[in-house]
Amino acid sequence: MARIKDVAALAGVNRSTVSRIINGEGKFKDETKKKVEQAMAELNYRPSAIARSLATSSSNMMGLLVTYYTGGFFGAMMEQVQNEMDTHSKFLITAQGHHSKEGERDAVERFHALRCDGYILHSRHLSDEDLCELARQHPPFVLLDRVVPTLEERCIGFNHHKASTMAVEHLLSQNHTLIGCITGPLWRENSLQRKQGYLDTMLKAGFEVNESWCEEGNYSSRSGYEATHKLLERHPELTAIFSCSEEMTVGVMQYLHERELRVPEDISIASFDSVDRCKELYPPVTSVCFPISDMAQSAVQVLIDLLDNKVTESNSEFSPELVIGKADRYLS
């Protein structure tokens with residue numbers, strides 16, 4: 001295996017010159033840089049990432065914390081972050097939070113031990129106080145789909161309340177008034193915002209809604225299936241369901257199919273969607289787009305700007321977009 005001294009000997013320069021050219025330090029004649037690059041190619045020399053890290057005080061590694069690896073939502077997020085990191089020649093290390101504060105804290109400590117230059121955190125269990133303390137101690141990080149007071153410049157947010165409002169207003173515009181809601185896990189702030197958007201929109205339209213019209217899920221298709229069963233057992237008169245995630249909507253559709261309830265002839269559906277899953281259902285379901293890929297792209301740019309001490313110009317708050325499907329029925 002070729003070493004830096006071999007490159008220097010072949011190029012006819014000293015080892016410090018090779019090292020500084022590799023690390024982008026100093027100015028050199030084009031002829032000198034070309035000799036070093038040709039020598040590296042001829043010897044198939046690959047600079048040690050560890051050595052470069054020690055020389056430049058930068059590991060070129062970034063950390064990404066996610067809740068878990070499964071599901072289209074997290075797959076889209078990780079893919080977009082990876083693609084963006086590739087454009088900046090950064091290595092990406094991912095870790096799961098394992099649904100706990102301890103898991104998320106361990107993941108961040110792992111990033112720190114590996115000398116990651118910065119992190120993107122999709123944190124659900126660390127408190128605002130934990131994150132503010134982290135901001136004082138560790139390298140820069142960006143929060144994805146979360147806004148923490150005093151850390152707004154490093155937060156990429158989404159208006160979950162407005163998204164729910166748009167979905168429910170669409171069902172109301174179809175003359176539906178008996179609308180049930182399948183929420184996400186209500187210990188999560190974003191799930192509460194989605195539920196509150198449903199409640200506020202129904203109340204504004206003049207319809208009193210009690211808790212029996214809502215059923216809590218956990219964003220899995222199985223929970224959507226079970227929640228639909230419970231909702232329709234309590235309220236068989238429902239003409240529409242608002243599902244707060246695309247995975248739960250898959251479960252909703254499965255339950256309705258098994259009970260031979262037609263969509264939209266017997267019941268209409270509106271949903272959140274982050275990966276175009278609702279377009280793939282039959283019939284396609286009207287949804288509010290949760291642009292996690294665009295948000296992930298923006299998060300990487302904010303992080304790069306933080307590392308470069310630049311004022312970011314990336315979008316820090318994203319708004320929903322209503323995508324009309326064919327699973328709609330206008331009630332006369």
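Biologist: In what order do the strands of the open sheet with mixed pairing stand?

Modeller: The model is predicted, so local features need pLDDT of at least 70 and side-chain atom pairs count only at pLDDT 80 or more, while totals for chains, interfaces and linings use all residues. Residues are numbered from 1 along each chain as its sequence is written, and side-chain values use heavy atoms, with hydrogens and water left out. Helices (H or I, at least four residues) and strands (E, at least two) are DSSP runs numbered from the N terminus, and two strands pair if DSSP finds at least two bridges between them. On that basis, the 6 strands of this open sheet have the order 7-6-8-9-10-12.

Biologist: Which strands are the edge strands of that sheet?

Modeller: An edge strand pairs on one side only. From one strand to the next, the twist averages 20 degrees. The edge positions are held by strand 7 (214–216) and strand 12 (321–323).

Biologist: Which residue of strand 9 stands opposite Ser 243?

Modeller: Strand 8 (residues 240–243) pairs with strand 9 (residues 268–273) in the parallel sense, over 4 bridges. Within strand 9, Ile 269 faces Ile 241. The residue opposite Ser 243 is Ser 271.

Biologist: Which residue of strand 8 is the bridge partner of Cys 181?

Modeller: Strand 6 and strand 8 run parallel and are joined by 4 bridges. The bridge partner of Cys 181 in strand 8 is Phe 242.

Biologist: Are the residues on the two faces of strand 8 buried or exposed?

Modeller: In a regular strand, side chains alternate between the two faces of the sheet. Relative accessible area (1.4 Å probe, protein chains only) sets the classes: under 20% is buried, over 50% exposed, and in between partly exposed. Ala 240 and Phe 242 lie on one side and Ile 241 and Ser 243 on the other, and all are buried.

Biologist: What angle does helix 9 make with strand 6?

Modeller: Helix 9 (residues 189–204) packs on the sheet, touching strand 6 (179–183), strand 7, strand 8 and strand 9. Contact means heavy atoms within 4.5 Å. Axes are lines fitted to C-alpha atoms, for helices over the stretch in contact, and angles run from 0 to 180 degrees between N-to-C directions. The direction of helix 9 makes with that of strand 6 an angle of about 165 degrees.

Biologist: How far apart are the ring centres of Phe 242 and Phe 272?

Modeller: Rings of Phe, Tyr and Trp (its six-membered ring) pair if their centres lie within 6.5 Å; planes under 30 degrees apart count as stacked, over 60 as edge-to-face and the rest as tilted. Phe 242 in strand 8 and Phe 272 in strand 9 are 30 residues apart, and both are buried. Their planes are 35 degrees apart, a tilted pair, and the centre-to-centre distance is 6.1 Å.

Biologist: Which residues do ring pairs link into a cluster?

Modeller: The structure holds 6 aromatic pairs. One of them, Phe 73 with Phe 74, is edge-to-face, at 5.0 Å centre to centre and 85 degrees between the planes. Phe 73 and Phe 74 are buried. The cluster linked by ring pairs consists of Phe 73, Phe 74, Phe 158 and Phe 290.

Biologist: Which residues does Leu 281 touch beyond four places in sequence?

Modeller: Leu 281 is placed in the loop between helix 12 (277–280) and strand 10 (286–289). Its relative accessible area is 15%, so Leu 281 is buried. Beyond four places in sequence, it touches Thr 249, Val 250 and Met 253.

Biologist: What is the relative accessible area of Thr 249?

Modeller: Thr 249 lies in helix 11 (residues 246–258). Leaving aside neighbours within four places in sequence, Thr 249 is in contact with Ser 243, Ile 269, Ser 271, Leu 281 and Val 285. Thr 249 is buried because its relative accessible area is 0%.

Biologist: At what angle do the axes of helix 1 and helix 2 cross?

Modeller: Helix 1 (residues 4–11) and helix 2 (residues 15–22) have axes that come within 8 Å. The axes cross at roughly 105 degrees.
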